[in-house]
Amino acid sequence: WFVSSGNYSFYGPDGQNEYQNYDKETLNKLSESGDIRAMHELANRAESIDESNSVLYKAAIYGSTAAISQIGSSIEVWKNIDTLPTEEKRAYVIEALAHYEAATLRGDWWGSINDGSSLKNRLTIQPDAFEQEHIKKRSKEIYDDLQKKRYELGLGEFDNTVPDEVVKLYEEMLRPL
């Protein structure tokens, strides 16, 4: 399930070598055929955050929930939010959290649990009720935009089913120590 959702973290370095050994032309051909793993490798090789996010956006349309979270994570780096004034920083944190929540709407809680919690704690920003509502609304906009693009490509509805074992893993991750 994780692999089909674009999360290759559990492969380890040996499992990722195959795509890392492909040249860019091969990766582009695979990407054009809808191979989200090739899309992720192209995003890793991108020369700018804009280029990476463009490829990740395509991967998200093709079903990668990890790509949605990675776009959220890129906001932190792209905008260098650690150095921004508090109000501007808050706005970017809210946008990043909306991306993590959009992945959650697809059934992948990983970004919200791992990256979102870390971001909020590290920057000591806890969204208030108004901001939480904005995150919820914005995440739905992101989801709906991706779904619309899927329809345009003839890909149909997202499959948001999550195996019970994955749900149990997420529940364990949320359980206090």
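User: Quick one to start: is threonine 124 buried or exposed?
Analyst: Threonine 124 is exposed, because its relative accessible area is 69%, where exposed means over 50%, buried means under 20% and partly exposed lies in between, using a 1.4 Å probe and protein chains only. This is a predicted model, in which local features need pLDDT of at least 70 and side-chain atom pairs count only at pLDDT 80 or more, while totals for chains, interfaces and linings use all residues. Residues are numbered from 1 along each chain as its sequence is written, and side-chain values use heavy atoms, with hydrogens and water left out.

User: And where is threonine 124 found?
Analyst: Threonine 124 sits in the loop between α7 and α8, with helices (H or I, at least four residues) and strands (E, at least two) taken as DSSP runs numbered from the N terminus. The phi of threonine 124 is near 50 degrees, a positive value in a residue other than glycine. Most residues other than glycine have a negative phi.

User: What does leucine 123 contact?
Analyst: Leaving aside neighbours within four places in sequence, leucine 123 is in contact with Ile81, Asp82, Lys89 and Val93, contact meaning heavy atoms within 4.5 Å.

User: OK, the core then. How many residues has the largest nonpolar core?
Analyst: The largest nonpolar core has 35 residues, and those with the most contacts inside it are Ile68, Ile81, Val93, Leu119, Leu123 and Leu146. Such a core is a set of buried Ala, Val, Leu, Ile, Met, Phe, Trp, Tyr and Cys residues joined through side-chain atoms within 4.5 Å.

User: Which helices supply at least two residues of this core?
Analyst: They are α3 (36-45), α4 (49-61), α5 (65-78), α6 (86-105) and α8 (129-152), and the largest share of this core, eight residues, comes from α6.

User: Switching topic: what lines the second largest pocket?
Analyst: Its lining is made up of Leu97, Tyr100, Glu101, Ser112, Gly116, Ser117, Lys120, Gln126, Pro127, Gln132 and Ile135. The elements giving two or more residues to that lining are α6, α7 (110-122) and α8, and the largest share, four residues, comes from α7. A pocket here is an open set of points on a 1 Å grid over the protein atoms alone, where a 1.4 Å probe fits, with protein on both sides within 12 Å along at least five of seven lines, and lining residues have an atom within 4 Å of a point.

User: What about glutamate 131, buried or exposed?
Analyst: Glutamate 131 counts as buried, at 12% relative accessibility, and its place is in helix α8. Not counting residues up to four places away in sequence, glutamate 131 touches Arg90, Ile94 and Gln126.

User: How many aromatic pairs are there?
Analyst: The count comes to five aromatic pairs, with rings of Phe, Tyr and Trp (its six-membered ring) pairing if their centres lie within 6.5 Å, and planes under 30 degrees apart counting as stacked, over 60 as edge-to-face and the rest as tilted. One of them joins phenylalanine 2 and tryptophan 110 edge-to-face, at 6.1 Å centre to centre and 80 degrees between the planes.

User: Why does that pair tie together parts that are apart in sequence?
Analyst: Phenylalanine 2 lies in the segment before α1 (12-20) and tryptophan 110 in helix α7, so the pair ties together parts that are 108 residues apart in sequence. Phenylalanine 2 counts as buried at 12% relative accessibility, whereas tryptophan 110 counts as partly exposed at 22%.
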